[in-house]
Amino acid sequence: MILIELFYTFLIIGLFTFGGGYSMIALIQSAVVEEHGWLSSQEFADILAISQITPGPVGINTATYAGYSAVIAEGYPTAVAVGGALAASLAVLILPMTLILIVGRWLLAHKDNPPFDIIFKALRLTVIGLIAAAAISLMPTAFSPTPKGNVSIFNFQFSIFNLIIFLAVFALSLWKKVSPILLILLAALAGFLIYGL
């Protein structure tokens with residue numbers, strides 16, 4: 001049944017996620033879009049956008065929405081989809097919470113040991129790589145002018161408006177240190193004005 005598949009899939013994602021929600025995105029996308037085919041690239045990009053503007057950690061929000069949407073996409077009713085959201089959310093949390101409760105105190109006691117410092121530096125680089133992989137894999141969908149979004153990174157045609165919004169948000173966030181909340185609201189307004197009207 002899909003609820004068991006969702007629970008197992010997100011349990012594995014939770015076990016191998018280091019660095020928080022953004023590093024989890026690449027693993028979730030790989031599982032729900034590429035491995036299981038529960039969602040399209042466009043649907044996942046929409047879920048990710050919603051996850052970022054709703055309160056709470058982005059990784060948990062993405063798991064919740066992906067679990068719900070995957071069950072709906074398989075043709076089950078809304079009540080089962082709520083179960084899918086719960087299964088994905090609990091599964092992605094249960095192992096990391098258990099591990100941190102078990103090893104957290106021990107890690108704090110040994111945080112100044114040189115071998116641990118080397119391990120955590122390597123983990124930071126891994127997290128940066130996972131976040132970059134998620135961003136790069138979502139670019140064709142984000143820049144695609146078509147609603148399908150299932151295009152290769154090598155041959156996608158992007159909308160000039162999407163590129164302008166991306167560059168403006170990137171520049172304002174990097175050099176002007178504009179609040180991410182304000183940038184999200186401005187990008188949403190620009191998207192509504194350009195595509196909604």
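Student: Is Phe161 buried, partly exposed or exposed, and what is its relative accessible area?

Tutor: Quick heads-up: this is a predicted model, where local features need pLDDT of at least 70, side-chain atom pairs count only at pLDDT 80 or more, and totals for chains, interfaces and linings use all residues. Residues are numbered from 1 along each chain as its sequence is written, and side-chain values use heavy atoms, leaving out hydrogens and water. Buried means under 20% relative accessible area and exposed over 50%, with partly exposed in between (1.4 Å probe, protein chains only). Phe161 therefore counts as partly exposed, at 42%.

Student: Okay, what about Ala31: buried or exposed?

Tutor: Ala31 lies in helix 2; helices here are DSSP runs (H or I, at least four residues), numbered from the N terminus. Its relative accessibility is 4%, so Ala31 is buried.

Student: Which residues does Ala31 contact, leaving aside its neighbours within four places in sequence?

Tutor: Contact means heavy atoms within 4.5 Å. Thr9 is 22 residues away from Ala31 in sequence, yet their C-alphas sit 7.2 Å apart. With those sequence neighbours set aside, Ala31 contacts Thr9, Ile13, His36 and Gly37.

Student: Which residues touch the most other members of the largest nonpolar core?

Tutor: A nonpolar core is a set of buried Ala, Val, Leu, Ile, Met, Phe, Trp, Tyr and Cys residues joined through side-chain atoms within 4.5 Å. Leaving aside neighbours within four places in sequence, Phe10 contacts Ile28 and Val32, among others. Of the 30 residues in this core, the ones touching the most other members are Phe10, Ile28 and Val32.

Note on methods
Helix = DSSP H or I, 4+ residues; strand = E, 2+ residues; numbered from the N terminus.
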